[in-house]
Amino acid sequence: MRIELEKRARPSQLHSLLSPIIALLLTLVTGAILFAALGQDPVRALYVLFIGPLTEVWSLHELAVKSAPLIMIGVGLSVCYRCNNWNIGAEGQLVAGAITGSIIPVLFNDWHSPLVLPLMLVMGMVGGALYAAIPAFLKAQTNTNEILTSLMLVYVAELFLDWLVRGPWRDPQGFNFPVTKQFQPEGILPELLDSGRANLGIVFAILAALAVWFMMRFTLKGFEIKVLGASERAGRFAGFSRKGMIWFSMMLSGALAGLAGICEVSGVINKLQPEISPGYGFTAIIVAFLGRLNPLGVIVAGLVLGLTYLGGEGAQIELGLSDKVVRVFQGMLLFFVLACDTLAIYRVRLSLAPAAKEA
Amino acid sequence: MPVSGVSADATVLSVRQLTKLFGSFAACNGIDLDIKPGEIHALLGENGAGKSTLVKMLFGVLAPTSGTILWNGQTVRIASPAAARKLGIGMVFQHFSLFEALTVAENIALSLDDKLPLAQIAARASELSHAYGLPLDPHAHVADLSVGERQRIEIVRALLQNPQLIILDEPTSVLTPQEADRLFETLFKLRAEGRSVLYISHRLEEVQRICDRATVLRHGKVTGACDPRQETPASLARMMVGAEVAHVSAAGTTTRGEVLLEARHLSAAARTPFAVALKNVCLKVRAGEVLAIAGVAGNGQGELFDALSGEYPVEEAQTVQLRGKAVGRSGINDRRSMGAGFVPEERHGHAAVSALPLSDNLVLARYWSDRKAFLSGPLGLIRSGAVKAAAKRICVEMDVRKSGEDPAAGSLSGGNLQKFIVGRELDRQPSVLVVNQPTWGVDAGAASRIRQALVDLAKSGSAVLVISQDLDEIFEVASEIAVISEGRLSDAYPAGELTREKIGLLMGGLYGKTEGAHAH
């Protein structure tokens, strides 16, 4: 007996839509088994993880705070992955954007002007884009694998931030804590409502998703992305530039990651510190795939994964579980999404024909 | 020889009601086939007729949905290629599976089910290759060998297993006429030894020349079993396509206009270790003319197309002239804007993106040359209405048969997709059209339609350059013929002055052309 993967004649639209939902269900079932093995009541654990955060107004605000960077980055990555540019280093671009965006509030802390915040956002995007330009340059000019370079540059960015906040940018009045000065009020991303912490970031995230969706759906640029992703040779025949697309997609996703970084720093933390992201840049990879590499799907997927962060906090407080549980859930989710996608394209068949009797 | 004595009406291989379903699509539908010992049996059919599927089932690559296979009268189940080889079935695929960096003997060793010392394999291969008239140096690297020699490796590899039945898939599609003759000698030798050959081809004259019997497939069913020598090419073609094939009325235009496309001492280095460098290629195509470039695959045709289309621009602008302007350094869209159209050889993933609908595939080739009609605004919005209307117009004009209004390119048969791809360029009335292998793997009906369209385009005053390996096609459409060999192009001769034999000699690179003396 052998297992065969047979390509489906026509990958069905329904399968493609159902696959993330099935993946979610499988993750929940596996999670329940996991909790049972840990000696927890699975129903209560899943409730704490996934339903609890949705029952309170303040935690809905927190959901928006956590989902905004995931959506922003996920949207950029969906463009990258559509054209086979595997940017794995969004976390580093997030940090780079946070650093460049913080130049004004850290070095010109006394400048009070309505221009501060817009400039910070623009500089954050520029920083993220330029940091993503490094793996783009290496791929376009020297054919270096962008998966490796973008990933390794994450650690460079994180260590550089660490050095900055412990060294030249440390707040002189900060009692030697590794933090910068608190940003001036003009450098803080405003909150949306009085009822909670949700800030403008979620609005930027949804606008970014809509803009990219429009680009993919209606414009020649979106068409170029699809063609180069499907076949480089056909792209060349159309006169599209593969190298140009490497630069475009990497820098677009870098800019959005940089925006996420400066929004996080300006809206949530209000200063720079060694740790500014709980791995948003990596989790956004799952968001992009769970959202079918479709910007509108990314919004939904971003909310789902934002929920896992919140649920993880709940699990720590109420169940006394390690927050590593969240990472386990995120990992299982990516695993099941990819598995379900494979099954949407292929049909598994058990071939009962006996294997050839070898001599 | 273990080929056992068998009675006159015994069969080596019989197939009864063999069916293979892919989903609900029947690629093979109740096929019956009998192969006798010591015969060369032809399997004829258009692309998509089910030949490959049938052969894959016989060689254990695919499992049949239903039906039986009898080997020497015994029902067998062939679960894998190794099982097929064990039974005594050898296969020579159309697309070789050889490691170019390894030697001939190493390649053979890799395919053997038994482990033998390399020296012994080399000796056996050398012995076999001489016995069957397939000269081969077992220590040569595959990368250095011609396509014909590579095919010999595949054949020797199959013969080493001492098979009773050898299956050859389109073996001559990559050979010069001389190389093909040599292959036929080998096949006759095999037949004389009592071995059987299943010979898959769509070249009718070849089948008539060497095959004892023929089975014709169409749409997955057997439409005829005959002695090909009793048939005419026309009657065989009728069985294959089910209708008379329209005859292309030849170019024969006498009014030649100005030179629209010209290559002047065009050279280009090979981009990859296995690509062919273009060496000093000179050609001229005038308005009203079809210049056909013949040649065996892999002699620089793809590279010539790349240089002429601008997919890979060349160093010196002067070496490619389009309507009197130097365009060697210009990209493909600049050349399209000057009235040129291009049809590459590979349909899927080059001329078209299989997963995208036809309308998107129209945008692919024409968004720049037709940007006024197809794009709007600074954001480059695609006007889907205009694009869909144009795609529909092309489908009607070229008789593209499809399911649905705007199906994915990959869902069309090869012939229909090729009609769309050619129609996509013709729809613009290009003044220069460069086509690489216009009817490669296309059924006879679509092929004749495409050829007629090329001839008509030239008659209407355009310059048409056709690169093809198919001599029938070349003689059908060409007004001038040149031959490409190892990246060099021969002088062009009027089609009427050339014979197949002469072209064959030119293909082998044996033309007496003095460097520098190019016909201008």
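Leu200(A) is partly exposed, because 18 other C-beta atoms lie within 10 Å, where a residue counts as buried with 20 or more other C-beta atoms within 10 Å of its own, as exposed with 12 or fewer, and as partly exposed in between, the C-beta atoms being placed from the backbone. The model is predicted, so that local features need pLDDT of at least 70 and side-chain atom pairs count only at pLDDT 80 or more, while totals for chains, interfaces and linings use all residues. Residues are numbered from 1 along each chain as its sequence is written, and chains are lettered from A and ligands numbered from 1 in the order in which they are written.

Leu200(A) is located in the loop between helix H7 (146-166) and helix H8 (201-218) of chain A, helices being DSSP runs of H or I with at least four residues and strands runs of E with at least two, numbered from the N terminus. Apart from neighbours within four places in sequence, Leu200(A) is in contact with Leu189(A), Pro190(A), Leu192(A) and Gly267(A), a contact requiring C-beta atoms, placed from the backbone, within 7 Å.

Between the chains, 23 residues of chain A are in contact with 35 residues of chain B. On the side of chain A that touches chain B, helix H9 (220-230) and helix H10 (232-237) each supply at least two residues, and the largest share, six residues, comes from H9(A).

Chain B has 17 helices and 23 strands, and buried residues make up 50% of its 520 residues. Of the contacts in chain B with a separation of 6 or more, 68% involve residues 24 or more positions apart.

Definitions and conventions
Contact = placed C-beta atoms within 7 Å.
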